[in-house]
Structure formats: C-alpha cells, structure tokens
Amino acid sequence: MPKKEKQADQAKSSASAGTIRIQYYRSFIATPKTHKTIVRSLGLTKLNQIVERPDNASMRGVVAKVPHLIRIVE
C-alpha cells in the first residue's frame, strides 16, 4: 500500500513541475483557419491571457506551429 501512495506522490510532483505557461500575445485576425483553431484549442480566448499546460513534446509542437501568435512565458 505505501508503494502506491509513493507513486501517486511522485506523479503529482512531476505533473505540477512539468507545466509551461503559454501567453497569447498577438491577434489571430487575418491568419489561416488552422492557426485560429490551434490558439482556441489551447484554451486561449483573450489577448495577453496566460494558461498553464503540461510540458510535453506535443504541447511544445503546438506552440511551435504558431510562434508569431503565442509564446512560452518563463
């Protein structure tokens, strides 16, 4: 039983430590529909809004698709 609790604690700590903050800093007016879809799929609705998402390869890839609209805030 303690082993499962230990694994759960490790999972929680790695999940909280493995996040990136993404800022929507430029409007997507006059951009392709796919760029608008990408920004909305991240949960960004307003300019200068910041959201936290898990730091993994897929999320980094999404950010890399529209670097002119969103950025990673340290």
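Among contacts between residues at least 6 apart in sequence, 69% join residues at least 24 apart. Keep in mind that this is a predicted model. The protein has 3 helices and 3 strands, and from the N terminus on the elements run α-β-α-β-α-β. Of its 74 residues, 23% count as buried. The accessible surface comes to about 5400 Å², and 56% of that belongs to carbon and sulfur atoms.

**Helix α2 and its cover**

Let's start with α2, which spans residues 33–41 and has His35, Ile38 and Val39 buried. These three cover an arc of only 95° around the axis, so they sit on the same side of α2.

After the helix comes Gly43, with a positive phi near 90°.

**Val66, from the loop**

Val66 belongs to the loop between α3 and β3. Is Val66 buried or exposed? With a relative accessibility of 0%, Val66 counts as buried, since the cut-off for that label is under 20%. Leaving aside residues up to four places away in sequence, Val66 touches His35 and Ile38, both of which are among the buried residues of α2.

**Salt bridges**

On to the charged side chains, where the count comes to 2 salt bridges.

| Pair | N to O distance |
|---|---|
| Arg21 and Glu52 | 3.9 Å |
| Asp55 and Arg60 | 2.8 Å |

Take the bridge between Arg21 and Glu52. Arg21 lies in strand β1 and Glu52 in strand β2 (residues 49–54), so the pair ties together parts that are 31 residues apart in sequence. Arg21 has 37% relative accessibility and so counts as partly exposed, and Glu52, at 45%, counts as partly exposed too.

In the other bridge, the side chain of Asp55 meets that of Arg60. Asp55 is at 35% relative accessibility, so the label is partly exposed. Arg60, with a relative accessible area of 38%, is likewise partly exposed.

Methods:
Residues numbered from 1 in each chain as written. Predicted model: local features only at pLDDT ≥ 70, side-chain atom pairs only at ≥ 80, totals over all residues. Heavy atoms only, no water. Buried < 20%, exposed > 50% of the residue type's maximum accessible area, 1.4 Å probe, protein only. Helix = DSSP H or I, 4+ residues; strand = E, 2+ residues; numbered from the N terminus. Arc of directions from axis to C-beta. Contact = heavy atoms within 4.5 Å. Areas by Shrake-Rupley, 256 points an atom, 1.4 Å probe, with all protein chains shown as cover. Salt bridge = Lys/Arg side-chain N within 4 Å of Asp/Glu carboxyl O.
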